[in-house]
Amino acid sequence: MNSNQTFISAPLGKKMALRHFFKHLTILTSSYGFCTLSSRFIHPSLTTLFNNINPKSQPLIPAKFSLPLSHCYTSLSHPSTSTLLSPYLSVRIRCPKDIADVFSEALMCFGASSTTVDEDDNCDTSNEICIESIFPESEDVDVCISLAADSVGLKMIPSYEVKTGEHYDWIKKTQESFDPVEVTEGLWIVPVWKTPPDVKATNIILNPGLAFGTGEHPTTRLCLLLLQRLIIGGERFLDYGTGSGILAIAALKFGASFSVGIDIDPLAITSARHNAALNDIGPENFQLRLVSSNTSSPSADEHKDIQEQTSFEAVAESEHETYDVIVANILLNPLLELADDIVSHARPGAAIGLSGILSEQVPCIIDRYSPLLDNISVSEIDDWACLSDTMVTSYNILSIFAVTHTRTGINVHF
Amino acid sequence: MSTLKEILTRRPVAATIRLTVPAGGARPAPPVGPALGQYRLNLMAFCKDFNARTQKYKPDTPMSVTITAFKDNTFEFTVKSPSVTWYLKKAAGIESGSSRPGHLVATTLSVRHIYEIAKIKQSDPYCQYMSLESICKSIIGTASTMGIKVVKDLD
């Protein structure tokens with residue numbers, strides 16, 4: 001296929017070994033979907049992100065999956081990737097140690113987006129220190145540095161060098177830092193390039209990507225523990241704000257019959273699809289939808305463009321589907337604004353979990369949700385809290401309890 | 001301010017990172033991404049944490065964050081409220097201060113505005129020991145360097 005060749009020319013430039021080259025050929029020939037898309041739509045570093053991290057696993061994407069994927073990737077090539085992978089200038093400045101702090105503050109005032117000061121342990125005799133600063137591409141670096149030096153009182157402009165930032169450098173670096181995490185006994189979250197330490201346990205394989213949900217964060221843990229308690233078998237599950245899809249995948253592993261994940265970020269949807277494939281979950285059990293953020297959310301231009309492109313997925317739920325279990329692990333403000341929407345997806349007597357909130361924000365959420373839910377219980381890890389409206393509160397109850405779902409409500413017997 | 005135990009168990013610091021991030025809008029994109037990624041810090045954890053803590057601010061207010069990255073890939077961060085100059089510009093509705101402060105007055109603000117700004121600033125970690133009056137005085141000082149005049153009442 002012609003597309004094979006175009007794909008090869010893109011990322012397999014300087015950095016890829018020949019070994020990777022052949023592995024990619026096999027990946028391409030087996031997953032038709034990926035190859036047509038990659039050649040045309042994805043920015044090269046994103047393909048490295050999703051394909052090169054683990055050369056030994058082949059994403060199993062059934063043929064019927066590939067079509068929605070292509071549409072998903074079309075939207076990907078537009079705004080959110082462009083901000084994610086937008087070029088930036090990285091400047092390395094040498095300046096005397098004693099004014100490093102003040103100088104970096106001054107740089108921030110005059111246009112730098114970030115400054116990093118390395119701690120020098122090997123106290124060398126030179127009293128100079130390096131500040132690495134990141135500027136947006138449009139910024140005039142010379143002017144900024146001279147203004148900052150002036151305001152701090154430096155007699156001469158410190159020496160510096162400018163280079164354009166490399167994208168997949170930092171993307172790769174963050175991914176390297178993931179290790180398998182044991183959320184609770186018998187449940188592990190394993191990055192795709194590591195082997196699961198306990199093969200018999202429930203292992204959720206993830207490629208963390210750039211979407212939220214690696215299993216390490218307290219809120220993910222709280223939600224996973226909640227899911228373990230709530231899911232008995234056969235439920236329909238809605239992951240509101242799915243991120244990497246970890247909660248939806250976990251629900252299916254615990255025994256739910258059907259999972260739906262929704263998110264406003266196209267990168268999250270891609271990441272979740274990828275992770276579902278890694279866990280051998282097909283579209284009959286797992287669906288993803290990209291919704292437009294018309295109520296909540298900040299940065300205007302990204303989301304406006306997403307709204308224009310939502311025509312590809314059936315976002316407007318014509319039949320109002322109801323779910324047995326819903327978990328929303330987002331942030332305080334979206335939870336407050338979307339309260340009605342979240343609860344509208346629940347059938348009478350469903351269980352709802354809310355997280356992504358700090359302990360101090362709990363009263364606010366309780367206020368907002370008490371007219372809609374009853375029996376709200378709160379569990380906390382560190383500073384983070386998770387609310388749920390089921391009866392299960394503490395682990396200290398050693399006696400056996402049974403939770404029965406009935407059409408009218410959830411009954412707990414102790 | 002730190003206890004003896006904290007000093008003894010202090011982790012070695014790898015770097016100090018300063019960033020300006022819009023409130024509730026931290027994403028793994030530049031500038032957050034490259035700056036934190038370099039030290040292998042968990043980007044998404046920072047974004048989630050930062051967004052949760054800045055929920056009470058209006059979206060897109062530029063917050064200044066100082067992150068201390070430790071050698072074991074963990075980190076701590078403090079969030080400071082936006083700079084006084086930013087607040088003054090918002091209150092006055094202008095884009096930039098006057099080009100010749102001291103000579104040219106860009107706009108005027110009433111004492112009420114200053115008071116409101118001072119109240120927000122008081123919750124900042126480094127202003128907590130100052131009296132409201134002294135915070136107001138320093139804000140008025142900043143305003144005059146920008147060419148903003150402060151009057152008792154705006155008519």
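This is a predicted model: local features need pLDDT of at least 70, side-chain atom pairs count only at pLDDT 80 or more; totals for chains, interfaces and linings use all residues.
Chain A has 414 residues, and 53% of them count as buried. Its secondary structure comes to 16 helices and 16 strands. Among contacts with a separation of 6 or more, 67% are between residues 24 or more positions apart.

Chain B has 155 residues, of which 45% count as buried. It holds six helices and five strands. Along the sequence they follow the pattern α-β-α-α-β-β-α-β-α-α-β. For chain B, 62% of the contacts between residues at least 6 apart join residues at least 24 apart.

Strands of chain A and chain B take part in one open sheet of seven strands. The order is β4(A)-β1(A)-β3(A)-β2(A)-β1(B)-β2(B)-β3(B), and the pairing is antiparallel. The edges are β4 (160-164) of chain A and β3 (75-80) of chain B. Each has a single partner strand, so one side of each is left without a neighbour in the sheet. From one strand to the next, the twist averages 15°.

Where do the two chains meet in this sheet? Strand β2 (residues 114-118) of chain A pairs with strand β1 (residues 13-22) of chain B. Five bridges join these strands, and they run antiparallel. One bridge pair is D118(A) with A15(B) in β1(B). In general, strands of a sheet pair through backbone hydrogen bonds, either parallel or antiparallel.

## A buried strand in chain A

Strand β11 of chain A covers residues 323-329. Seven of its seven residues are buried, so the strand is largely enclosed by the rest of the structure. Buried here means under 20% relative accessible area.

β11(A) has parallel partners. Strand β8 (residues 236-240) of chain A is joined to β11(A) by four bridges, and the two run parallel. Here D239(A) stands opposite V327(A). Strand β12 (residues 346-358) of chain A is joined to β11(A) by six bridges, again parallel. A328(A) has L354(A) in β12(A) as its bridge partner.

## N329(A), a residue that reaches chain B

N329(A) lies in strand β11 of chain A. Is N329(A) buried or exposed? Its relative accessibility is 8%, so N329(A) counts as buried.

The side chain of N329(A) has polar partners in both chains. In chain A, one of its polar atoms lies 3.2 Å from the backbone nitrogen of G356(A). In chain B, the partner is the side chain of K48(B), in a polar contact of 3.0 Å. Beyond its neighbours within four places in sequence, N329(A) is in contact with residues including F212(A), T219(A), T220(A), C223(A) and Y240(A). G241(A), L247(A) and S355(A) are also among its contacts.

## One helix of chain B

Helix α5 (residues 111-122) of chain B has 12 residues. From its first C-alpha to its last it reaches 16 Å, close to the 16 Å expected at 1.5 Å a residue. Four residues of α5(B) are buried: I114(B), I117(B), A118(B) and K121(B). Seen down the axis of α5(B), the buried residues fall within an arc of 105°, so they line one face of the helix.

What do these buried residues pack against? Their partners are α4 (84-92), β4 (107-110), α6 (132-146) and β5 (148-151) of chain B.

## A hairpin and two positive phi values

Strands β13 (residues 377-381) and β14 (residues 384-388) of chain A pair over five bridges in the antiparallel sense. S377(A) stands opposite S388(A) in β14(A). The two strands form a hairpin with two residues between them. D382(A) sits in that turn and has a positive phi of about 55°. D382(A) is exposed, with a relative accessible area of 65%.

Most residues other than glycine have a negative phi. D280(A) is not a glycine, yet its phi is positive, about 60°. D280(A) is found in the loop between α12 (266-278) and β10 (286-290) of chain A. At 60% relative accessibility, D280(A) counts as exposed.

Terms used
Residues are numbered from 1 along each chain as its sequence is written. Chains are lettered from A and ligands numbered from 1 in the order in which they are written. Side-chain values use heavy atoms; hydrogens and water are left out. Buried means under 20% relative accessible area, exposed over 50%, partly exposed in between (1.4 Å probe, protein chains only). Two strands pair if DSSP finds at least two bridges between them. The expected span of a helix is 1.5 Å times one less than its number of residues. The arc is that of the directions from the helix axis to the C-beta atoms. Contact means heavy atoms within 4.5 Å. A polar contact is a pair of N or O atoms within 3.5 Å; within protein, one must be able to donate a hydrogen and the other to accept it, and residues adjacent in sequence count only if both atoms are side-chain atoms. Axes are lines fitted to C-alpha atoms, for helices over the stretch in contact, and angles run from 0 to 180 degrees between N-to-C directions.
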